[in-house]
Amino acid sequence: MKSIIIIGASSGIGRQVALIFVRMGWRVGVAARSLDKLLELQSTCPERIFCKDIDVTAPDAVERFEALVEQTGGMDAMLYCAGCGWSNPELDPALDRRTIDVNVSGFTAIVTAAYRYFRRRQIPGGRIAAITSVAGTKGLGVSAAYSATKRYQWTYLQALRQLASIQKVSVSITDIRPGFVDTDLLGHDRSSYPMLMSTAYVAPRIVRAILRRRSVAVIDSRWAVLTALWRMIPDVLWRRLPVDFPNVK
């Protein structure tokens, strides 16, 4: 029986992905800061869902991650689904600091711990995946830290993919870039977001990208077209665009 560890599985995308893997017969280790929500998820299939509260920014995050892997009976795949970000045109340093702590420091700690696991065990066909964002395509003035940290994640996963090739580590690295998804990350008023997608729509596409070992998966095709157009806009024009979002949490 295969096993997957999902970081950030207490709600939203992570929870939906966890339920899909359970239905597929996998053992699923789930982690988040909220233990109550994890225990509620575990109650749906206690024989194959294992949980541990992990704050990815805490000093013991990697130790707790490794304990969850052992508790789950090993790891064939890992999905990093934790993340945060805000609409922050005032550049509140506390908000930016939290975004960097989760999306850069926490992301790096867990993803590299997963990579070291696969390198050490020499498990053939391991998988590492992370939910990044289309926001990494261009620097977004109203969410500077968020878009910058997502670009960091893109680059880090690309570099890790190259490192795996150099070190002959049998692991696929999947960068999953959704557009707007109807989760708590977007705050309370989500009706004004363009091309908003439900977690029920997004989760199966994420699972498919992981199983097919995609290097990069933009979800969905509308967002793939839009971000391709964004990339074509010269910086001299991009800086003049009135890009704004509602108050992202």
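Modeller: Contact here means heavy atoms within 4.5 Å. Keep that in mind as we go. This is a predicted model.

Colleague: Which residues of H1 meet which residues of H6?

Modeller: On the H1 side they are Gly-12, Ile-13, Gln-16, Val-17, Ile-20 and Phe-21. On the H6 side they are Thr-199, Ala-200, Val-202, Ala-203, Pro-204, Ile-206, Val-207, Ile-210 and Leu-211. By class, this contact has 12 nonpolar, three polar and no charged residues.

Colleague: At what angle do H1 and H6 pack?

Modeller: Helix H1 covers residues 12-23 and helix H6 covers 199-211. Their angle is about 60 degrees, and their axes lie 9 Å apart. The two helices are therefore oblique to each other. Their crossing is right-handed.

Colleague: Now H4 and H5. How far apart are their axes?

Modeller: The axes of H4 and H5 are 9 Å apart, and the packing angle is about 15 degrees. Angles under 35 degrees count as roughly parallel, so H4 is roughly parallel to H5. H4 spans residues 93-121, and H5 spans residues 144-166. This crossing is right-handed.

Colleague: Which residues make the contact between H4 and H5?

Modeller: From H4, they include Asp-96, Ile-100, Val-104, Phe-107, Val-111 and Tyr-115. From H5, they include Tyr-146, Lys-150, Tyr-152, Tyr-156, Leu-160 and Leu-163.

Colleague: On to the rings. Which residues form one aromatic cluster?

Modeller: Rings pair if their centres lie within 6.5 Å. Tyr-80, Phe-107, Tyr-152 and Tyr-156 form one cluster. Phe-107, Tyr-152 and Tyr-156 also belong to the contact between H4 and H5. The count of aromatic pairs is eight.

Colleague: A charge can sit over a ring too. Which residue lies over the face of Trp-154?

Modeller: Arg-177 does, at 3.3 Å from the ring centre. Look at Tyr-201 as well. The charged end of Arg-205 sits over the ring of Tyr-201, 3.7 Å from its centre.

Colleague: What about the backbone? Which residues does a cis peptide bond join?

Modeller: Start with the general idea. Most peptide bonds are trans. In this model, a cis bond joins Ile-219 and Asp-220, with omega about 5 degrees. Asp-220 is in the loop between strand E7 (216-219) and helix H7 (221-232).

Colleague: And phi? What is its value at Lys-168?

Modeller: Most residues other than glycine have a negative phi. Phi of Lys-168 is near 55 degrees, a positive value.

Colleague: Where is Lys-168 found?

Modeller: Lys-168 is in the loop between H5 and strand E6 (171-178).

Key:
Residues are numbered from 1 along each chain as its sequence is written. This is a predicted model: local features need pLDDT of at least 70, side-chain atom pairs count only at pLDDT 80 or more; totals for chains, interfaces and linings use all residues. Side-chain values use heavy atoms; hydrogens and water are left out. Rings of Phe, Tyr and Trp (its six-membered ring) pair if their centres lie within 6.5 Å; planes under 30 degrees apart count as stacked, over 60 as edge-to-face and the rest as tilted. A charge sits over a ring if NZ of Lys or CZ of Arg is within 6 Å of the ring centre and within 35 degrees of the ring normal. Axes are lines fitted to C-alpha atoms, for helices over the stretch in contact, and angles run from 0 to 180 degrees between N-to-C directions. Helices (H or I, at least four residues) and strands (E, at least two) are DSSP runs, numbered from the N terminus. Angles under 35 degrees count as roughly parallel, over 145 as roughly antiparallel, 65 to 115 as roughly perpendicular and the rest as oblique. A crossing is left-handed if the near helix is turned anticlockwise from the far one by less than a right angle, and right-handed if clockwise. Ala, Val, Leu, Ile, Met, Phe, Trp, Tyr, Cys and Pro count as nonpolar, Asp, Glu, Lys and Arg as charged, and the others, Gly among them, as polar.
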